[in-house]
Amino acid sequence: MPESSRATTTHRRLLLLCFLSSSALCFVLSEPVEAEEEIVSRSHFPDGFLFGTTTSAYQIEGAYLDDGKGLSNWDVFCHVPGNIKENGNGDTADNHYNLFLEDIELMHSLGVTAYRLSISWTRILPRGRYGEVNPMGIMFYNRILDHLVLKGIEPFVTIHHHDIPQELADRYGGWLSPLMQEDFVHFARICFESFGHKVKHWATINEANLFVDMAYIRGWYPPSHCSPPFGKCSAGNSDVEPLIALHNMILAHGKAVKIYRQEFQGKQGGSIGIVLHAMWYEPLRANNELDQQAVTRGLAFGVGWLLDPLVYGDYPSEMRLFLGDALPRFTVDEMDYLKGSIDYIGINHYLTLYAKDCLHSSCAPGGSDHAIRGYVYTTGDRDGVPIGQPTGNARFFVVPGGLKNIVNYMKQRYNNMPMYVTENGYAPPPGEEVQLNQILHDVKRIDYHKSYLAAVASSIRDGADVRGYFAWSLMDNFEWIDGYTVRYGLYYVDRTTLKRIPKISALWYRDFLANSSGNGLDLTQYHGRLEQDLRVAGLEDL
Ligand code: BGC
């Protein structure tokens, strides 16, 4: 049976089930976010489509004081007891700083064609622009890039992924200050100069829209700013500060891109874009016009907030309407260089939530009735039924159709400009993986990647210009405030020996990339191979 008709049959079956049942499950199945048909193989993607894994510097490198590296805001934040679960920190992380050759070998053995990494700002510029460039930092990334190229793995480099020099946090409160723009441009310039001839894909900033939420609305990430009802922090204003911080990040992006295009792009031939946190929404009250409007607003306040200025030169009109003068304004000159300042969109996708209108309806307290949230209340469940399978993050659920929907939305809103799924991954709910044996036999992670890859393949068939997919993450790593308690890796990392051990999802990804699997997957095959790998590595007693 051809693939497309198989997909249709499945859909029809779901509808029929729905028709015969009046249970809540019926609702889940009948949502427009219905599960994609999980038939997927590498051959469903265009030639040259990048298949990768992804990490970020602070989450894996460790060596936080080695070879001239300066202190970052995360180094300092993690050393305050109670900030991170089980008092974890990135001091050693996965010791990728010393084990990067082994890690590149792992990627090579998987057969990935690309690797998305980020640069630690303080390894290159220990004191931001108030000090010298650290040659050891430059050498470290050059060695990584050289080895990737040698192994035929395309580097996809994010310049900034959450960690800023502590010096800049101390001097001017980080991204709240417009001075950060010049610091970022200085950092970016050094990256272009030092690595640009080896990098064909640059991303300026990772998930600026999520970062400002975590750092300036909820106060969970440094500098821990927030105000009631969003949280209790010693400083901050959740209604205003995120708008200022994101404004500075957008301008920093624009200025860095301007320099890249004027001075480097021509001779280095790379592309430059940005990575955003892109979640999808479904109306909480099905067929309710107000909640449908809440979905539209939620997307404008989530996606449009960051991307509209970079494509069209200004914030979405809905944001101006509800936020008024609290939303900063761009000058004509700024609009000019911001407009069209991305060559592609990097989509980090992990979740779909229900959205409820709070403009005309009453909503639970917590901030949804504030303009900064677009007067949208979001939740992962409807009448106690989760929107998808729960995961290790209380707000992330498995809803593969959400990725297809968000890609489609980007395609419409931004004229189908090139897109990469720069992050997508699964961590199991707490308590599900306790024994090593359970951690390694991660069948749910395989199902997850299969179903989301199927969603991407389906979007491409529908005409979306998606050019790559990066699994978060290569290996278990420091999961920000969750420390090491939440695991996204294809490889398990033993926290004592730092040995990397493949989970069966790594074996599956390897087979998927070799085009020999994907469906009709015989899991026993992987269980057997894993036991054999462990025996060979002398780890069978683990
Ligand atoms: C971030 C990663 C993080 C992942 C899983 C993304 O928002 O870019 O750094 O580890 O989500 O939570």
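Start by selecting W472 and the ligand: an N or O atom in the W472 side chain is 3.4 Å from an oxygen atom of the ligand, a polar contact here being a pair of N or O atoms within 3.5 Å (within protein, one must be able to donate a hydrogen and the other to accept it, and residues adjacent in sequence count only if both atoms are side-chain atoms). The model is predicted, with local features needing pLDDT of at least 70 and side-chain atom pairs pLDDT 80 or more, while totals for chains, interfaces and linings use all residues. Residues are numbered from 1 along each chain as its sequence is written, and side-chain values use heavy atoms, without hydrogens and water.

Next, select N206, where a polar side-chain atom lies 3.0 Å from a ligand oxygen atom. Of the 310 Å² of accessible area that the ligand has on its own, the protein covers 96% (Shrake-Rupley method, 1.4 Å probe).

Now show the shell: Q59, H161, N206, E207, L210, N348, Y350, E423, W472, E479, W480 and Y488, each with a heavy atom within 4 Å of the ligand. Five of the shell residues are nonpolar, four polar and three charged (Ala, Val, Leu, Ile, Met, Phe, Trp, Tyr, Cys and Pro count as nonpolar; Asp, Glu, Lys and Arg as charged; the others, Gly among them, as polar).

Move on to G489, in the loop between β16 (466–472) and β17 (491–493); strands are DSSP runs of E, at least two residues, numbered from the N terminus. Leaving aside neighbours within four places in sequence, G489 has contacts including D442, R445, S473 and K503 (heavy atoms within 4.5 Å). Finally, select T54, 435 residues from G489 in sequence and 9.7 Å away, C-alpha to C-alpha.

Note on methods. Helix = DSSP H or I, 4+ residues; strand = E, 2+ residues; numbered from the N terminus.
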